[in-house]
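These are my notebook entries on a structure that I looked through for side-chain contacts. The sequence and structure come first.

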Amino acid sequence: GKNDYDLLVIGGGSGGLACAKEAAQFGRKVAVLDYVEPSPQGTAWGLGGTCVNVGCIPKKLMHQAALLGSALKDAQHYGWNISQPVHHTWSVMADSVQNYVKSLNWGHRVQLQEKKVKYFNIKGSFSDPHTVRGLTKAGKETVVTADNIVIATGGRPKYPTHVAGALEYGITSDDLFWLKESPGKTLPSFILYVSLECAGFLTGIGLDTTVMMRSIPLRGFDQAQMASLVTEHMESYGTKFLKRCFPTKVEKLKNNRLQVTWKNADLGTEETDSFNTIMWAVGRAPDTKTLNLEAVGVKTNSETGKIIVDASEATSVPHIYAIGDITEGRPELTPTAIAAGKLLAQRLFGQSAELMDYDNVPTTVFTPLEYGCVGLSEEAAVQRHGADNIEVYHAYYKPLEFTVAERDATQCYVKMVCLRRREQRILGLHLIGPNAGEVIQGFALGIKCGATYPQLMKTVGIHPTCAEEVTKLRITKRSGLDATVTGC
Amino acid sequence: MAQRLALQRLLSLPTRGLLAPHGRAFGTSAGRRNTFNVQDGSDFQDRVVNSPKPIVVDFHAQWCGPCKILGPRLEKLVAKLEGKVLMAKVDIDDHTDLAIEYEVSAVPTVLAMKNGDVVDKFVGVKDEDQLEAFLKKLIGA
């Protein structure tokens, strides 16, 4: 054709890379543009997107660092001679994590090369529906044309710019994982899962951490009960919470500490405290500003700024598609971006008609006590089917490993939402406990296959595990009976 | 750069007597002149591809733990050979194009080159015996 490439992907993250590599498998000419605009604090990173560099990967590794700290404390009860208290050195952890991330950057580069995908480290913007121009860091301009273009530029953390000093003195998750020195006494602000996960591992490695939240935790997860259990556990774990508070200003003190002033909505008071680090986790904004979408007419949601797509990931402009965090109404998850990217490539070049199925996508919040879920929340199920038509089974359980270690299991909880009538199909499963992500993954398959409560009752549990508690669910919320599991 | 190259040529002349009083310093400077960091593509062309002597190329990265073990180990053995073989070090993040061109996927990757051709290669850490054999094969063959 007259264009340089069959497919141009803008954004080398989870979705973009998967789409590009899949398209190349069909023998197509494919190019990927990736560029990382440094954060306001100056942090930048390599190829691979948010997940690899400032999301899932470093987050999970630091979560693991914190869990190991807890394991060291438990170890005494199991006979290990470990002098307490144990100390953690941020720079050792950070170096290891950052080195691993850099090896992934290289791995992605090699993969693109092996799959014959052309890579440009440039920041692209549209000139017309088939033309993207970009500047290298050195300022050299490159123009690329393609038959099809996929926008996969993802998002970046927002700053609460109405709070004085927020931009100058605060960091975000973009910066946290790349810090060379310990963040010290930290205030991750507002409540989204990013804030809880970060506060969780920071507390776990021994840092004085406070979370400030204006409203309810885990808004968007629609899980009032699960969210409060998660935060309750974090409180008993050592994270401080300032509930119903919102910051009004951040100032730098002479000793380089940061002074935060906030309003307490309940008490109507104004309070201050000083911290080494303020981290904002107030949501993520789609990275569309420099794409010049207006020039080509790609429509975005006026409220969120995200790109509007249909079920086939098509935008309002023919031959321009979008996948991943940048798209409106989609989960902000790596696996969905990857799957959507691959299916899109298959539809474009592989004679497939299969669309991405966004239903029953499992996910997990990696707080110190993890929360994994798949399917509908209790609230969503009630809304969709009516309270009379659903049955909620639940149990408070105690992981065996917690017993000898004398650990508090008050928030270890599992809840299953089912239809009440007919075959009693399972609509949603929610679990708080160690390794919740590992547990929920298998059940996601069951739900995908339309598993029912009677089938679950026939499923034998593996003993002794936490996962078996799912198969033992018998007590309903409706009955009002005590849902605490007694030992075997 | 030009001064350093001139110095290298000077040192490789059989007039070792010039530096004899500084016996130990000569030893370390011999190590230094036999190993160098590649500066860019044309430097690679000049000093590696067009190297008059057999040369090993150590592709490494800052984030690579095993590289920090292999690098010094290989350097030490190259120094022992007193100029019979040279060693070039390439940081793959600084010289991605070069690493991609030579099909480096994992690090450390070490190439043995003679007259611009890759005659041998290994990936990962090797012990001293294995490295000695690798170097001897390069010089001997």
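**Entry 1: a buried lysine and its partner**

I looked up Lys415(A) and found it buried, with a relative accessible area of 1%; buried means under 20%, exposed over 50% and partly exposed in between, with a 1.4 Å probe and protein chains only. The model is predicted, so local features need pLDDT of at least 70 and side-chain atom pairs pLDDT 80 or more, while totals for chains, interfaces and linings use all residues. Residues are numbered from 1 along each chain as its sequence is written, chains are lettered from A and ligands numbered from 1 in the order written, and side-chain values use heavy atoms, without hydrogens and water.

Lys415(A) forms a salt bridge with Glu378(A), at 2.8 Å from N to O; the term requires a side-chain nitrogen of Lys or Arg within 4 Å of a carboxyl oxygen of Asp or Glu. Glu378(A) is buried as well, at a relative accessible area of 17%. I placed Lys415(A) in strand β21 (residues 413-419) of chain A and Glu378(A) in helix α11 (residues 378-385) of chain A, so the bridge ties together parts 37 residues apart in sequence. Helices (H or I, at least four residues) and strands (E, at least two) are DSSP runs, numbered from the N terminus.

**Entry 2: further salt bridges**

I noted 24 salt bridges over all chains. One of them joins Arg47(B) and Asp43(B) at 2.9 Å, N to O. These residues are 4 apart in helix α3 (residues 41-49) of chain B, about one helical turn, and both are buried. Through shared partners, salt bridges join Glu378(A), Lys415(A) and Lys477(A) into one network.

I also recorded the bridge between Lys472(A) and Glu469(A), with the closest N and O atoms 3.3 Å apart. Lys472(A) is partly exposed at 40% relative accessible area, whereas Glu469(A) is buried at 7%.

**Entry 3: aromatic pairs**

I found 6 aromatic pairs over all chains. Rings of Phe, Tyr and Trp (its six-membered ring) pair if their centres lie within 6.5 Å; planes under 30 degrees apart count as stacked, over 60 as edge-to-face and the rest as tilted. Phe177(A) and Phe201(A) form a tilted pair, 6.1 Å centre to centre with 35 degrees between the planes. Both of these residues, Phe177(A) and Phe201(A), are buried. Phe122(B) and Phe134(B) are both buried.
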